[in-house]
Amino acid sequence: MSGSVRGGRTVAYLVDRGKLESFTSDDPAAVGAILLQRAARRLETTARGALDGGDAEGAYVAAYDAYRMTAEALLACQGLRATGGDGSHMTVEDAVSAQFAVDIPAFAKPAFERFRRTRHSAQYFDPEAAPITAADASWALAKAGDALNGARRILASAPPGRFNEG
């Protein structure tokens with residue numbers, strides 16, 4: 001993939017700025033598959049269990065984790081990962097939304113942004129934020145499930161290859 005492919009310029013920018021980095025793997029697709037399995041467990045076991053137990057905030061945060069891991073799986077297939085630290089979730093959001101939102105509408109920038117910001121207010125308690133309701137958590141589980149299904153579809157039919165600048 002390069003700057004001429006959908007979202008390639010965004011990814012190249014993030015790599016150039018040190019927000020995304022390449023990693024070495026003989027089989028990046030296998031790394032992506034492992035991340036998708038982790039995302040599915042987080043969604044179906046942790047998030048769903050929290051919602052069933054009446055913990056809307058916990059369900060929302062776990063659904064976000066599954067959503068983010070799904071996004072990271074797509075990047076892993078390209079041999080990429082966020083460098084960590086402040087803004088790493090936003091880096092994943094920018095890279096994945098730019099490349100995959102057309103094929104996986106759950107990764108549209110507004111949805112990703114809403115998901116990330118609400119999760120932040122739950123993870124790092126913000127007394128000014130609106131409380132997360134069961135309806136919010138249900139939305140989060142559905143959005144994470146849509147993202148997971150979309151990523152599975154892409155990885156089964158046309159997995160992204162290693163990202164190469166140029």
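**Helix H4 and its neighbours in a predicted model**

Visitor: At what angle do H1 and H4 pack, and how far apart are their axes?

Guide: In this predicted model, H1 and H4 pack against each other as a pair whose axes lie 8 Å apart. The angle of their packing is about 155°.

Visitor: Is H1 roughly parallel or roughly antiparallel to H4?

Guide: Angles over 145 degrees count as roughly antiparallel. The packing angle here is about 155°, which makes the orientation of H1 relative to H4 roughly antiparallel.

Visitor: Which residues of H4 does H1 meet, and what is the hand of the crossing?

Guide: From H1, the residues involved are Thr-10, Val-11 and Leu-14. They meet Thr-91, Asp-94, Ala-95, Ala-98 and Gln-99 in H4. By class, this contact of H1 with H4 has 4 nonpolar, 3 polar and 1 charged residues. As for its hand, the crossing in which H1 passes H4 is left-handed.

Visitor: In the contact of H4 with H5, how many residues are charged?

Guide: H4 contributes His-89, Met-90, Val-92, Glu-93, Asp-94, Val-96 and Ser-97, which meet Lys-109, Phe-112, Glu-113, Arg-116 and Arg-119 in H5. H4 passes H5 in a right-handed crossing. By class, the residues of the contact of H4 with H5 comprise 4 nonpolar, 2 polar and, as charged residues, 6.

Visitor: Which residues does His-89 touch beyond four places away in sequence?

Guide: His-89 lies in helix H4. The C-alpha atom of His-89 is separated by 18 Å from that of Leu-43, 46 residues apart along the chain. Not counting residues up to four places away in sequence, His-89 touches Tyr-64, Arg-68, Arg-116 and Arg-119.

Visitor: What does Val-96 touch, leaving aside residues up to four places away in sequence?

Guide: In soluble globular proteins, nonpolar side chains tend to be buried together. With residues up to four places away in sequence left out, Val-96 touches Ala-71, Leu-74, Leu-75, Ala-101, Phe-107 and Phe-112.

How values were computed:
Residues numbered from 1 in each chain as written. Predicted model: local features only at pLDDT ≥ 70, side-chain atom pairs only at ≥ 80, totals over all residues. Heavy atoms only, no water. Contact = heavy atoms within 4.5 Å. Axes fitted to C-alpha atoms, helices over the stretch in contact; angles between N-to-C directions. Helix = DSSP H or I, 4+ residues; strand = E, 2+ residues; numbered from the N terminus. Parallel < 35°, antiparallel > 145°, perpendicular 65-115°, else oblique. Left-handed = near helix turned anticlockwise from the far one by under 90°. Nonpolar A, V, L, I, M, F, W, Y, C, P; charged D, E, K, R; others polar.
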